[in-house]
Amino acid sequence: MFWSADTLRKRLPELIHEYDAANVQRANYTLSIGPEISVSPSRQPEGPTDQTKIQLQPDQAFRIPAGQFAFLLTEETIEIPPSAIAFISIRARFKFRGLVNVSGFHVDPGFKGRLVFAVFNAGPSAITLARGEKCFHIWYADLDHPHEDVPRPGYSGIDTSIINDLGPQLNSFESLAARIEDSEKRYHARADTIERMQDQIKTIATILITLFIAIFAALLALLLPRWLARETDVTKQAGPAQVTTITYDVDRPDTEPVVAPPADEPQ
């Protein structure tokens with residue numbers, strides 16, 4: 001049977017350190033984010049770039065990028081009696097933003113320590129949280145028989161082994177989109193560089209062609225009059241052209257043609 005709000009108010013002061021009666025809801029108790037977190041690496045500016053743990057000051061904010069995991073340590077140290085079991089979840093207001101609990105949904109009898117929530121941001125954008133933010137719910141329920149095993153110690157901090165097991169950067173949709181965007185930026189940058197080089201080549205080619213035409217025109221203007229003048233001198237030295245006339249006698253076709261001398265020669 002789940003504990004009611006009255007039972008929670010009576011028993012939780014002995015089971016939850018830093019107990020606050022204001023956190024008792026109808027049948028659950030609200031837990032808050034504690035002093036230590038770890039967010040999986042991300043290429044986004046708002047995300048961490050490595051896998052180290054982050055120590056938070058009171059009310060210090062942090063972000064979980066879209067498509068990334070995070071480990072969140074609770075502020076409260078809780079205890080589960082051997083005759084009870086607890087169930088945990090993320091508050092609905094954070095679920096609606098895409099934050100999903102992937103670390104399990106119950107706490108074993110005999111547990112004592114802080115809880116570590118493994119969460120995943122399945123939403124379309126980064127989620128901003130802060131130390132002390134009331135983010136989790138816990139429910140207590142009685143067992144029909146007490147659990148007789150050795151009490152199970154909880155966490156005092158985030159174990160580095162679970163951080164190492166998380167692996168390198170997660171290729172979320174957002175990170176893949178960021179890579180595509182980076183590739184597009186590099187492509188456009190290279191295209192702009194090539195276009196600038198082509199413009200420079202066109203400018204240089206235009207200048208060279210213009211210079212060639214100008215030099216050719218200058219040489220033509222310089223040499224053409226000299227060539228024309230020389231041709232004129234040669235023509236004058238050669239004198240007038242001589243015309244030779246050949247005459248045929250139509251009546252006597254068997255005779256040889258008569259070649260008339262040029263006009264300036266004597267007959």
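Me: What should I know before reading the values?
Reply: The model is predicted, so local features need pLDDT of at least 70 and side-chain atom pairs count only at pLDDT 80 or more, while totals for chains, interfaces and linings use all residues. Residues are numbered from 1 along each chain as its sequence is written, and side-chain values use heavy atoms, with hydrogens and water left out.

Me: What counts as a salt bridge, and how many does a search of the whole structure find?
Reply: A salt bridge is a side-chain nitrogen of Lys or Arg within 4 Å of a carboxyl oxygen of Asp or Glu. The search finds three.

Me: Where do D6 and R9 lie?
Reply: Helices (H or I, at least four residues) and strands (E, at least two) are DSSP runs, numbered from the N terminus. Both D6 and R9 are in helix α1 (residues 5-15), three residues apart, about one turn of the helix. Their side chains form a salt bridge at 3.4 Å, N to O.

Me: Is D6 buried, exposed or partly exposed?
Reply: Buried means under 20% relative accessible area, exposed over 50%, and partly exposed in between (1.4 Å probe, protein chains only). D6 has 49% relative accessibility, so D6 counts as partly exposed. R9, at 41%, is also partly exposed.

Me: Which parts does the salt bridge of E36 and K53 tie together?
Reply: The side chains of E36 and K53 meet at 3.9 Å, N to O. E36 lies in strand β1 (residues 29-39) and K53 in the loop between β1 and β2 (54-55), so the pair ties together parts that are 17 residues apart in sequence. E36 is buried at 7% relative accessibility, whereas K53 is partly exposed at 33%.

Me: What is the salt-bridge partner of R131?
Reply: The partner is E75, with the closest N and O atoms 3.0 Å apart. R131 lies in the loop between β9 (127-130) and β10 (134-142) and E75 in strand β4 (residues 69-79), so this pair ties together parts 56 residues apart in sequence. Both R131 and E75 are buried.

Me: Why is strand β8 described as largely enclosed?
Reply: Nine of the 11 residues of β8 (residues 111-121) are buried, so the strand is largely enclosed by the rest of the structure.

Me: Which strands pair with β8?
Reply: Two strands pair if DSSP finds at least two bridges between them. Eight bridges join β8 to β4, running antiparallel, and I78 stands opposite G113 in β8. Strand β6 (residues 99-101) pairs with β8 over three bridges, also antiparallel. Two bridges join β8 to strand β11 (residues 152-153) in parallel, where K112 has P153 as its bridge partner in β11.
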